[in-house]
Amino acid sequence: MNILIVEDEPRLAEALAHILEESDYHTEIVGNGNDALSYARSQLYDLVLLDIMLPGIDGLEVVRTMRHENISTPVLLLTARTETADKVKGLDAGADDYMTKPFEAEELLARVRALLRRQGEVVFDEITCGDLTLNLSTHELVCGSKKVHLSHKEFEVAKLLMSSPNQVFSKETLLNKVWGIDADATENSVEAYISFLRKKLRFLNSTVDINTIRMLGYRISLPEA
Ligand code: CA
């Protein structure tokens, strides 16, 4: 498995490469956003570890451009910034997951494994629900002529809700099915991702909505036929 490390701080880049090489991944390091893009365009990589603060174009712009060019390589964002706004921006830009520096080697490897595992399960299929189509291989949500890329968690939440329209899913169920044993996730994470998805549904001008059922959870609601 080839991993592209995009990090302008040489010592951190080397440390990341070392951790990954120890686990038998092949790594390549680039130190700025422009190189990151040209390497990503080669499509030789199974995963991109991407720092946000970079010389030249920044990490958010790199991932946004990749998604715009339909390069679907999974992206794990790395950043020292902890503000929610940056996380949201990163995920909205099309990143699949997010890690705040500093982090433990174990956590990095677990997230890398999870992203690579998902990449290996590519199924060329889609789920349709109302005017929405969710592409299960590209993680794109399509409505008419508009489409958006979903981050990994948004995709998992959308897939679950869209596969059983009108069924109510409790926050606990979503937490268990989407986040699994991720100890950091709470019901607030579920609420945050539901709001990301609603934002994307509005962007798509979809007639499909996600309803909050008080005390019970969420469900996809389709307009009356
Ligand atoms: Ca940096």
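**Labels and their grounds**

Reply: Asp51 has 3% relative accessibility and counts as buried. The model is a predicted one.

Me: Why is Asp51 called buried?

Reply: Buried means under 20% relative accessible area. Asp51 is at 3%, so the label buried applies.

Me: And why is Asp8 called partly exposed?

Reply: The partly exposed class lies between the buried cut-off, under 20%, and the exposed one, over 50%. Asp8 has 35% relative accessibility, so Asp8 counts as partly exposed.

Me: What makes a residue a protein donor of the calcium ion here?

Reply: For Ca the limit is 3.2 Å, applied to N, O and S atoms. Asp8 and Asp51, each through OD, and Met53 through O lie 2.1 to 2.3 Å from the calcium ion, and these are its protein donors. Water is not among the atoms, so the site may look incomplete. The spacing of the donor residues in sequence is D-x42-D-x1-M. Asp8 sits in the loop between strand E1 and helix H1, while Asp51 belongs to strand E3; the two are 43 residues apart, and the pair links distant parts of the chain.

Me: Where is Lys101, and what makes it buried or exposed?

Reply: Lys101 is in the loop between strand E5 and helix H5. Its relative accessibility is 17%, so against the cut-off of 20% Lys101 counts as buried.

Me: Why are H2 and H3 described as roughly parallel?

Reply: The axes of helix H2 (residues 33-41) and helix H3 (residues 59-68) cross at roughly 25 degrees and come within 9 Å. Angles under 35 degrees count as roughly parallel, so H2 is roughly parallel to H3. Gly33, Ala36, Leu37, Ala40 and Arg41 of H2 make the contact with Val62, Thr65 and Met66 of H3. The crossing of H2 past H3 is right-handed.

Me: Why do H6 and H8 get the word perpendicular?

Reply: Their axes cross at roughly 80 degrees and come within 10 Å. The range for roughly perpendicular is 65 to 115 degrees, so H6 and H8 are given that label. On the H6 side the contact involves Lys153, Glu154, Val157, Ala158 and Leu161; on the H8 side it involves Tyr193, Ile194, Phe196, Leu197 and Lys200.

Me: Which residues have the most contacts inside the largest nonpolar core, and which elements supply it?

Reply: This core has 32 residues, and Leu141, Met162 and Leu174 have the most contacts inside it. Strands E6, E7, E8 and E11 and helices H6, H7 and H8 each supply at least two of its residues. Another core, of 21 residues, lies apart from it, with Val6, Val48, Leu60 and Leu77 among its members.

Me: How do you know that His139 and Gly217 are buried?

Reply: His139, in the loop between E7 and E8, has 13% relative accessibility and therefore counts as buried under the 20% cut-off. Beyond its neighbours within four places in sequence, His139 is in contact with Val148, His149, Leu150, His152 and Phe155. Gly217, in strand E11, is at 7%, so Gly217 counts as buried too. Not counting residues up to four places away in sequence, Gly217 touches Val168, Phe169, Ser170, Asn211 and Thr212.

Key: Residues numbered from 1 in each chain as written. Predicted model: local features only at pLDDT ≥ 70, side-chain atom pairs only at ≥ 80, totals over all residues. Heavy atoms only, no water. Core = buried A, V, L, I, M, F, W, Y, C linked by side-chain atoms within 4.5 Å. Buried < 20%, exposed > 50% of the residue type's maximum accessible area, 1.4 Å probe, protein only. Helix = DSSP H or I, 4+ residues; strand = E, 2+ residues; numbered from the N terminus. Donors = N, O, S within 2.8 Å, 3.2 Å for Na, K, Ca; no water. Axes fitted to C-alpha atoms, helices over the stretch in contact; angles between N-to-C directions. Parallel < 35°, antiparallel > 145°, perpendicular 65-115°, else oblique. Left-handed = near helix turned anticlockwise from the far one by under 90°. Contact = heavy atoms within 4.5 Å.
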